[in-house]
Amino acid sequence: MPKPLSLPFDPIARAEELWRRRWGPVPSMGAITSIMRAQQILLAEVDAVVKPYGLTFARYEALVLLTFSQAGELPMSKIGERLMVHPTSVTNTVDRLMRSGLVAKRPNPNDGRGTLASITDRGREVVEAATRDLMAMDFGLGVYDAEECDEIFAMLRPLRVAAQDFDDEG
């Protein structure tokens, strides 16, 4: 959990007001600053929950992805694609999970240059326990109800579409 700032004012609202005075109104400035602060808060809260399992949220996401796969394994390239991260980050994440005994790696029989990452039984146990804990704290979003979470998802979707994260075919 991040350390409370307990300021007597909203620093983002103050920055937005100062920005407006200096450069004119730019509502996106306050929005992006709020999003970035929310990301800091949420990541700190979620990381605090998964830390006892030897995980970060990035490593947790990789374990979940492997859990969702039919055989419990995926090519490293597919992990990077699905998690939307650079191949170097995938290698780092999977190597750390492997050192913890949560993931194993082996050559991909369908791709001579590729590597498969597979979740171990211990990895399955850890991801189940961490998931229970994350769900118990609503992934840090407990201040919102289900409808508001759906609205947040819907509001951020056009940004992800514009970034070409995926084809928005309807």
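Me: Two strands are said to pair if DSSP finds at least two bridges between them. In β3, which residue is the bridge partner of Glu73?

Reply: The model is a predicted one. In it, Glu73 has Ser118 of β3 as its bridge partner. Strand β3 covers residues 115-119, and three bridges join β1 to β3. These two strands run antiparallel.

Me: In what order do the strands of the sheet lie?

Reply: The order is β1-β3-β2, in an open sheet of three strands with antiparallel pairing. An edge strand pairs on one side only, and here the edge strands are β1 (73-75) and β2 (103-107). From one strand to the next, the twist averages 25 degrees.

Me: Which helices lie across β1, β2 and β3?

Reply: Helix α3 lies across these three strands and runs at about 90 degrees to β3. Helix α4 also lies across β1, β2 and β3, running at about 90 degrees to β1.

Me: At roughly what angle do the axes of α3 and α4 cross?

Reply: An angle of 65 to 115 degrees counts as roughly perpendicular. The axes of α3 (residues 57-68) and α4 (residues 76-83) cross at roughly 115 degrees and come within 11 Å. Helix α3 is therefore roughly perpendicular to α4.

Me: Is the crossing of α3 and α4 left-handed or right-handed, and which residues make the contact?

Reply: The crossing of α3 and α4 is right-handed. On the α3 side, the contact is made by Glu61, Ala62, Leu65 and Leu66, and on the α4 side by Ile79, Arg82 and Leu83. Sorted by class, the residues of this contact are five nonpolar, no polar and two charged.

Me: How do the axes of α3 and α6 cross?

Reply: The axes of α3 and α6 (residues 121-136) come within 10 Å and cross at roughly 115 degrees. This makes α3 roughly perpendicular to α6. The crossing of α3 and α6 is left-handed.

Me: Which residues of α3 meet α6, and which residues of α6 do they meet?

Reply: From α3 come Tyr60, Leu63, Val64 and Thr67. They meet Gly123, Arg124, Val126, Val127, Ala130, Thr131 and Leu134 in α6. This contact of α3 with α6 has seven nonpolar, three polar and one charged residues.

Me: What does UniProt list for residues 28-161?

Reply: The unreviewed UniProt entry gives "domain: HTH marR-type" for residues 28-161. In the model, this span is 66% helix and 10% strand, and its end C-alpha atoms lie 18 Å apart.

Notes
Residues are numbered from 1 along each chain as its sequence is written. This is a predicted model: local features need pLDDT of at least 70, side-chain atom pairs count only at pLDDT 80 or more; totals for chains, interfaces and linings use all residues. Side-chain values use heavy atoms; hydrogens and water are left out. UniProt positions are given in the numbering used here, feature names are shortened, and annotations may be inferred rather than shown by experiment. Helices (H or I, at least four residues) and strands (E, at least two) are DSSP runs, numbered from the N terminus. Axes are lines fitted to C-alpha atoms, for helices over the stretch in contact, and angles run from 0 to 180 degrees between N-to-C directions. Angles under 35 degrees count as roughly parallel, over 145 as roughly antiparallel, 65 to 115 as roughly perpendicular and the rest as oblique. A crossing is left-handed if the near helix is turned anticlockwise from the far one by less than a right angle, and right-handed if clockwise. Contact means heavy atoms within 4.5 Å. Ala, Val, Leu, Ile, Met, Phe, Trp, Tyr, Cys and Pro count as nonpolar, Asp, Glu, Lys and Arg as charged, and the others, Gly among them, as polar.
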